[in-house]
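Please read the following explanation with the sequence and the model side by side, and locate each residue as it is named.

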Amino acid sequence: TEVLPSLSFVRLRRRDSLGQTISWVRSMQSRQFRSTETATGELRYDGEAIETYLGQACQRNARWDMYFARTGIVPVEVVYEEMAVDAQAAVDRVSAALGLAEPARIAAERVALRVQRDDVSAEWRARFVAERGDPNRMDSGELLARSL
């Protein structure tokens, strides 16, 4: 911010911390980080890895929260779940924040990415919640405390 004082920040958040973490673990195991890539690794449920990455995701979010609070910077917030439903609305908000005369337009026909969440993700979620609780619920503070 000292070198680029007019910097604008866009913060992408995901409400579903467990879903984010499951996707992260899956991508690490499969070595498939985008739907346009081919998976080369084998998937296996790993509750410890999910809990570890959940803690890391929470820590990273907390660091950004502290940074923005400390600096007084108000980023443009983009919520993953909302963007997945209406990506153009997210682009419009970012365009407005950047002061563009006209919002950038998404060329949907050129977007090849797709959501990778599937039955395996649902199975892992159900198993994790059964074993350790749902970290997306406030009454699951014990899990979050262990993760941090």
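Glu 81 is partly exposed, at a relative accessible area of 25%, where buried means under 20% relative accessible area, exposed over 50% and partly exposed in between, with a 1.4 Å probe and protein chains only. Its side chain meets that of Arg 14 in a salt bridge, with 3.8 Å from N to O; a salt bridge here is a side-chain nitrogen of Lys or Arg within 4 Å of a carboxyl oxygen of Asp or Glu. The pair links distant parts of the chain, since Glu 81 belongs to helix H3 (residues 80-85) and Arg 14 to the loop between strand S1 (10-13) and H1, 67 residues apart. Helices (H or I, at least four residues) and strands (E, at least two) are DSSP runs, numbered from the N terminus.

This is a predicted model, in which local features need pLDDT of at least 70 and side-chain atom pairs count only at pLDDT 80 or more, while totals for chains, interfaces and linings use all residues. Residues are numbered from 1 along each chain as its sequence is written, and side-chain values use heavy atoms, with hydrogens and water left out.

Arg 14 itself counts as buried, because its relative accessibility is 16%. Leaving aside its neighbours within four places in sequence, Arg 14 is in contact (heavy atoms within 4.5 Å) with Gly 19, Gln 20, Ser 23, Tyr 80, Glu 81 and Arg 117. A second salt bridge joins the side chains of Glu 82 and Arg 15, at 2.6 Å from N to O. This pair, too, links distant parts of the chain, with Glu 82 in helix H3 and Arg 15 in the loop between S1 and H1, 67 residues apart. Glu 82 is partly exposed at a relative accessible area of 40%, whereas Arg 15 is exposed at 53%.

The structure holds 12 salt bridges, and another of them is formed by the side chains of Arg 132 and Glu 131, at 3.7 Å from N to O. Salt bridges that share partners join Glu 48, Glu 51, Arg 127, Glu 131 and Arg 132 into one network.

Which residues form the largest nonpolar core? There are 8 of them, namely Leu 18, Ile 22, Val 25, Tyr 45, Ala 49, Ile 50, Trp 124 and Phe 128; a nonpolar core is a set of buried Ala, Val, Leu, Ile, Met, Phe, Trp, Tyr and Cys residues joined through side-chain atoms within 4.5 Å. Helix H1 (17-30), helix H2 (47-71) and helix H5 (119-132) each supply at least two residues of this core, and H1 gives the most, with 3 residues. Tyr 45, a member of the core, is in contact with Ile 50, Trp 124, Arg 127, Phe 128 and Glu 131 when its neighbours within four places in sequence are left aside.

H1 passes H2 in a right-handed crossing; a crossing is left-handed if the near helix is turned anticlockwise from the far one by less than a right angle, and right-handed if clockwise. On the H1 side, Ser 17, Leu 18, Thr 21, Ile 22, Trp 24, Val 25 and Met 28 meet Ala 49, Ile 50, Tyr 53, Leu 54, Gln 56, Ala 57 and Arg 60 in H2.

H1 and H5 pack at an angle of about 120°, with their axes 10 Å apart, which makes H1 oblique to H5. The residues in contact are Leu 18, Gly 19, Ile 22, Val 25, Arg 26 and Gln 29 of H1 and Val 120, Ser 121, Trp 124, Arg 125, Phe 128 and Val 129 of H5. The crossing of H1 past H5 is right-handed.

For the protein as a whole, 6 helices and 2 strands are present, and from the N terminus on the elements run β-α-α-β-α-α-α-α. Buried residues make up 30% of the 148 residues.

Note on methods:
Axes fitted to C-alpha atoms, helices over the stretch in contact; angles between N-to-C directions. Parallel < 35°, antiparallel > 145°, perpendicular 65-115°, else oblique.
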